[in-house]
Amino acid sequence: FLLLFTFSNIPIISQSPPSTSTIRFKNPTTNAARRRHSADVPRHPLDPLTVTELKRVQNIVKKYDLIALHSVVLEEPDKEVVLRWKKGDPLPPRKAAVVARVGGDSHVLTVDLGSGEVTRHDTGRVSGYPMMTVEDMTSVTWAPLASADFNRTVVERGVDLVDLACLPISTGWFGKNEEKRRLIKVQCYSMKGTANFYMRPIEGLTVLVDLDTKQVVEITDKGKHIPIPNAANTDYRFTAQNSYQRLVNPISIEQPKGPSFTIEDDHLVKWANWEFHLKPDPRAGVIISRAMVRDPSTGEMRNVMYKGLVSELFVPYMDPTDAWYFKTYMDAGEYGFGLQAMPLEPLNDCPRNAYYMDGVFAAADGTPYVRSNMVCVFESYAGEIGWRHSESPITGMEIREVRPKVTLVVRMAASVANYDYIVDWEFQTDGLIRIKVGLSGILMVKGTPYTNMNQVNHQESLYGTLLSENVIGVIHDHFITFYLDMDVDGSNNSFVKVNLEREYTSPGESPRMSYLKAVRNVAKTEKDAQIKLKLYDPSEFHVINPSKKTRVGNPVGYKVVPGGTAANLLDVNDPPQKRGAFTNNQIWVTPYNETEQWAGGLFVYQSHGDDTLEVWSNRNRAIENKDIVVWYTLGFHHIPCQEDFPIMPTVSSSFDLKPVNFFESNPILKIPPNFEHDLPNCKAYAASA
């Protein structure tokens, strides 16, 4: 019997830490080796809790008889305190934010690490439960085995118990019969003959389990007529392939002088003209804070973004049948996006020149553990161009000026059971930040009696695509909502919607009949900034500092530049959509509030949708010339296809945060081109005759 999510007891890894607080390296691949964290100390107000601090929290909360700690993270100091802090200043008091459960109630505590006291103790006043612990997810997959009915059903379906693999599946919320207890559903697969058990579902078999007692509440089996799909051709591992195709020669970036970035005090990243604080987080995955860029004219480090993170992921499947209707996942608030982050694989997840950062988290009993190689940082060059111009021969000027584009990438990858998400924060020297999400991994599939489409009645809905014999890939969506606390040259900013509107010329005014005009509208309140993207109503979305102007009088700003995305088409009254109402718009803007960081609410599990971004935004608070937060949702519609079987090629989309009148001119005008003598001289491989 295969247990999933069995990584909670990872030991504190042992290797001497670097002797200097600034990490510079010629060959950063060596950084992928495990290092010890027991000697870590915080050096920045936003540094995550250390092993020592987590152990102190564990000891302090013991006297409260808390059953399980669902989250133990740094309670960040007030924003004003962090903005005033300079290196060399004493750190603000270190505090831990703890979410725990006891006696069936959820508790939110603030633990002062200096005094050893709990300075805040609230009980949950909104619907829902905290993010599951790894121990929740692990132990619940054992629960069905305590039921003789379940064991008998599995054997009757043709699966030996030793070949069983089970997944914990969040239930969503669909009515009052699901209230007053934490519930979870467990579905199982056969792993006989393949590592890719996801392709061998025991279709229709669902076990409802009480998460607190681990008691089986109900067993449903509505798939007895559906065979277990065959294991043939499902294994994706390199070692399982009978042959392989090398389509391209190996490629690598070589840096004889070493990378251009440094990591100071374990979390402060400095590269080219950028500086930012980076830390892993059990719920968000990674958090980028205090992002600043150097002005080429003045040399000043200027504020761009105070904090950016993945706030929530909403993944609804489009099958309303008994074994599928509840599959409407909130991957951050239910499972922990960071908890599901797997160690990155050197040379394949991240290139040779990457630096690796570990996550240090707390288990349900408060014991610290390490997620090694959770984040990587590397420079990327893909042959892209920063800027260029070649002059036409008709001018008589022989001008060919080109500058290469090198970027810095912060990457994490989360494997939320079958699905893999790759999240990149890419920093460019021209001031642009590109946030990209890649989807890969394995489809969640549905068993079917059909082996060919010619067997399917045209009136019947498969709710997806027949991918292989007895396997349907179910249609689903992915929505990734980002929290972006923009501080463009200061905290007080305004959101401006710049509409492109068609204007008409007067009769006889011009040979032209029409042209486009930019019309700027400053959002006064939150509802003014609830944005649904429309191809035939084009707009730009600026975050400006109205008190800071360029030399010629334009307000400095950044703009949100959407890329390919998708809108949520579910009915707003559908129970999953009430919980996922933060996807009703692609852009929201709210006034900064330290309690409003998670788009689905603090407690997402079985929540009713009464504490979401939509609820906050509908208060319609003032946002003009205020400290504001921008929320952007990146969306994917996924209609599976045969190329997704047995594992999906990565599909990606992105959006940009781009300077708009932030600099006086092109900020990379003076960067040099590449010259042959600057680059490594690698000898070409000579093939034998």
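Let me begin with the side chain of Asn493, which in this predicted model reaches the backbone oxygen of Gly490 at 3.3 Å. Asn493 is found in strand E27, which covers residues 492–504. Is Asn493 buried or exposed? Its relative accessibility is 0%, and because anything under 20% is called buried, Asn493 counts as buried. If we leave aside residues up to four places away in sequence, Asn493 touches several stretches of the chain, including Met486, Asp487 and Val488, then Val543, Ile544, Asn545 and Pro546, and also Ile623, Glu624, Asn625, Lys626 and Ile628.

Now let us move to the region that the record describes. UniProt, in an unreviewed entry, lists residues 252–668 as "domain: Copper amine oxidase catalytic".

As a reminder before we look at strands, the strands of a sheet pair through backbone hydrogen bonds, and they may do so either parallel or antiparallel.

Take strand E21, residues 419–428, as our next example. Why is E21 described as largely enclosed by the rest of the structure? The reason is that 9 of its 10 residues are buried. On one hand, E21 is joined by 10 bridges to strand E20, residues 407–416, and the two run antiparallel. E20 and E21 form a hairpin with 2 residues between them, and in that turn Ala417 has a positive phi of about 60°. On the other hand, 9 bridges join E21 to strand E22, residues 433–441, again in the antiparallel sense. Here too there is a hairpin, with 4 residues between E21 and E22, and Gly431 in the turn has a positive phi of about 95°. You can follow the pairing across through Asp424 in E21, which is the bridge partner of Arg411 and whose bridge partner in E22 is Lys436.

Finally, let us turn to another sheet, an open one of 4 strands in the order E6-E7-E8-E9, with antiparallel pairing. Strand E6 (164–170) and strand E9 (216–221) stand at the edges with a single partner strand each, so one side of each is left without a neighbour in the sheet. Neighbouring strands of this sheet are turned by 25° against each other on average, if direction is ignored. Strand E7, residues 183–190, pairs with strand E8, residues 205–210, over 4 bridges, and the bridge partner of Val186 in E8 is Val207. Helix H4, residues 148–156, packs on this sheet and touches E6, E7, E8 and E9, while its direction makes about 160° with that of E8.

Key
Residues are numbered from 1 along each chain as its sequence is written. This is a predicted model: local features need pLDDT of at least 70, side-chain atom pairs count only at pLDDT 80 or more; totals for chains, interfaces and linings use all residues. Side-chain values use heavy atoms; hydrogens and water are left out. Buried means under 20% relative accessible area, exposed over 50%, partly exposed in between (1.4 Å probe, protein chains only). Two strands pair if DSSP finds at least two bridges between them. Axes are lines fitted to C-alpha atoms, for helices over the stretch in contact, and angles run from 0 to 180 degrees between N-to-C directions. Contact means heavy atoms within 4.5 Å. UniProt positions are given in the numbering used here, feature names are shortened, and annotations may be inferred rather than shown by experiment. A polar contact is a pair of N or O atoms within 3.5 Å; within protein, one must be able to donate a hydrogen and the other to accept it, and residues adjacent in sequence count only if both atoms are side-chain atoms.
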